[in-house]
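Please read the following note with the sequence and the model open beside you.

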Amino acid sequence: MGASSTIGPLFLRFLGLLLDIIFSWLAKLPLAFLSTRRSYHLTASLSPSSDRRPPDYTLATRFLGHLAKNGLTGDGRVHKSAARHFLFWLHKRGIALSSVDESIVQRFRRHRCRCPRYSAHQLSTDFYLSCTRRLVRHLEDAGDIPVAGGAGYIDAHLNDYAGDLIGEGYSQVTWRGHYSEAEHFSAWLRFSRQLGRDIDDRVIEQFVQHRCRCPITRKRAKLAEPTGQKHRRRGARHFVGFLRARGVLQPAVVSEASEDHRIEAFRSWLERQRGATAETIRRYVHEVTRWLCKLPSDPATYDAAMLRDIVLKQPQSRSRSSVRITVTVLRAYLRFLSARGECRPELAYVVPPARRRSKKLPRHAAQTTIERIVASCDTTTPVGIRDKAIILLLARLGLRAGDVWALRLPDLDWANGRIHVKGKGRRPSMLPLPQDVGEALLAYLLQARPRTSEDRVFLRVLAPFRPFASSAEIAGIVSRVLARAGISEVPTGSHVFRHSLATNMLRSGASLDAVGTVLRHSHRSTTTIYAKVDTAMLQRVVQPWPEGASC
Ligand SMILES: [Zn+2]
Ligand SMILES: [Zn+2]
């Protein structure tokens with residue numbers, strides 16, 4: 001025990017001596033090895049801003065004050081940290097505030113952070129980057145960071161844009177959605193420095209695809225769910241359209257690409273050589289642009305396999321009739337190319353013509369079902385009133401969806417109780433307006449149709465009150481009416497009313513010629529398909545085969 005009590009002080013003295021030696025040795029080493037903090041002072045002393053003054057944090061304080069004034073209710077700590085960290089880093093690197101742009105922000109994001117009080121982990125989060133960009137945006141607005149072309153160049157039009165959206169009659173939810181996407185787009189344009197006057201589809205597509213860490217106001221300062229690509233595209237396009245209309249941006253430049261030229265030529269070929277109507281041309285061009293990108297740009301290099309792929313490799317969801325349109329349009333397009341000498345003429349025969357499915361009687365519904373559908377329209381709402389008028393035009397007059405879609409106010413001849421129908425191709429005709437159809441139309445015009453300068457009869461019930469984009473939307477209305485009424489036995493599409501009218505007319509004794517007149521068929525053979533309807537009736541009147549009778 002006694003020995004250990006003497007060893008204790010001796011050991012401590014030895015330890016003290018050893019530490020002295022270590023410290024004196026360490027003191028001789030270059031400072032850089034000692035600590036990273038000191039190494040910073042060493043490098044900082046080499047950089048332009050070698051002063052030891054602390055960075056100017058008043059900018060961060062002003063930024064936070066600005067956020068608080070603009071309703072930052074959530075976590076301000078991250079904003080504060082990002083702002084002070086960024087200012088500290090700028091100071092450390094000797095980067096002048098006036099030279100800050102997105103590339104500096106990206107350098108800040110990538111720096112190997114050994115700054116006191118800040119963590120490298122935090123630096124790598126999306127929210128941190130968004131906060132940093134927000135600070136930069138604030139400093140740009142305040143004039144501390146100059147922006148070529150002016151910081152508020154696009155933003156200045158946001159207020160007017162909101163007014164314009166409200167003026168168009170959009171609901172609050174819709175206009176707010178459009179507006180916030182426009183705000184987003186202009187924030188993105190600014191920090192990605194795309195402030196030129198030539199914002200085209202390519203720029204919009206970049207915006208649509210970007211990974212969002214934009215400096216935009218979000219709920220409670222949190223990153224909101226990123227908006228979908230569809231919303232971004234629609235919002236940006238709408239805003240760009242507005243800016244173009246005001247002359248802020250240049251009008252859309254038609255691309256000089258040969259593909260576009262070819263489509264234009266196809267359009268005029270359809271019109272001049274084939275006498276196609278505007279609606280047919282629209283459909284054909286729409287179909288061509290759907291798959292043209294899958295083909296090589298030079299038609300001379302087309303081969304049979306790639307053309308067949310256009311027809312065969314289609315989404316499962318496409319209906320038989322849609323595939324038939326692909327075949328028809330592809331054949332027409334190949335004939336057009338070979339007429340111009342751009343592809344081998346034999347290619348036009350590579351795709352065989354699409355045949356109609358069968359010569360079966362078209363699918364139809366009984367008269368009672370048709371009446372049930374008409375009665376199911378809820379005439380207490382504007383949508384119901386409009387839908388009833390549409391259904392009655394289809395059911396009583398056998399109009400095609402395209403006829404209903406194209407109907408204009410001057411086509412309604414109230415004085416003579418007639419309706420002027422443009423018809424398929426170029427065969428206009430006058431039809432008598434039955435009492436219930438006339439009443440439904442009048443109810444729609446007086447009670448449900450939005451007040452606008454449009455002369456199309458049927459318009460959307462939601463803003464913007466424009467006509468439907470195509471006749472396909474009339475078919476959409478029919479399927480919604482059927483779904484609401486819970487009628488599932490009727491085939492979808494608006495043509496079912498036309499087929500049912502024909503079938504029911506024949507069943508009640510009308511002649512095929514009469515049916516053909518009502519349906520405005522130009523060829524008698526088109527109507528003969530309905531002749532099969534009489535098989536059921538014939539079976540009722542047919543005499544039994546004299547089976548058991550003796551000869
Ligand atoms: Zn750092
Ligand atoms: Zn974004």
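**Notes on the model**

1. In the hairpin formed by β1 and β2, where four residues lie between the strands, G417 adopts a positive phi near 60 degrees. This is a predicted model, in which local features need pLDDT of at least 70 and side-chain atom pairs count only at pLDDT 80 or more, while totals for chains, interfaces and linings use all residues. Residues are numbered from 1 along each chain as its sequence is written, and chains are lettered from A and ligands numbered from 1 in the order in which they are written. Helices (H or I, at least four residues) and strands (E, at least two) are DSSP runs, numbered from the N terminus.

2. Strands of a sheet pair through backbone hydrogen bonds, either parallel or antiparallel.

3. Two bridges join β1 to β2 (residues 418-421), and D413 stands opposite R418 of β2. On the other pairing, β2 is joined to β3 by four bridges, with S429 in β3 as the bridge partner of V421.

4. Which residues of β2 lie on its covered face, and which on its uncovered one? I419 and V421 make up the covered face, whereas R418 and H420 make up the uncovered one. In a regular strand the side chains alternate between the two faces of the sheet.

5. Helix α9 (residues 172-191) packs against helix α11 (residues 229-245) at an angle of about 85 degrees, with the axes 8 Å apart; axes are lines fitted to C-alpha atoms, for helices over the stretch in contact, and angles run from 0 to 180 degrees between N-to-C directions. The two helices α9 and α11 are therefore roughly perpendicular to each other, a term that covers angles of 65 to 115 degrees.

6. E473 lies in helix α20 (residues 472-485). Because E473 has 15 C-beta neighbours inside 10 Å, this residue counts as partly exposed, a class that falls between buried (20 or more other C-beta atoms within 10 Å of its own) and exposed (12 or fewer), with C-beta atoms placed from the backbone. From C-alpha to C-alpha, E473 and R460 are 10.0 Å apart in space, and they are 13 residues apart in sequence.

Notes:
Parallel < 35°, antiparallel > 145°, perpendicular 65-115°, else oblique. Pairing = 2+ DSSP bridges.
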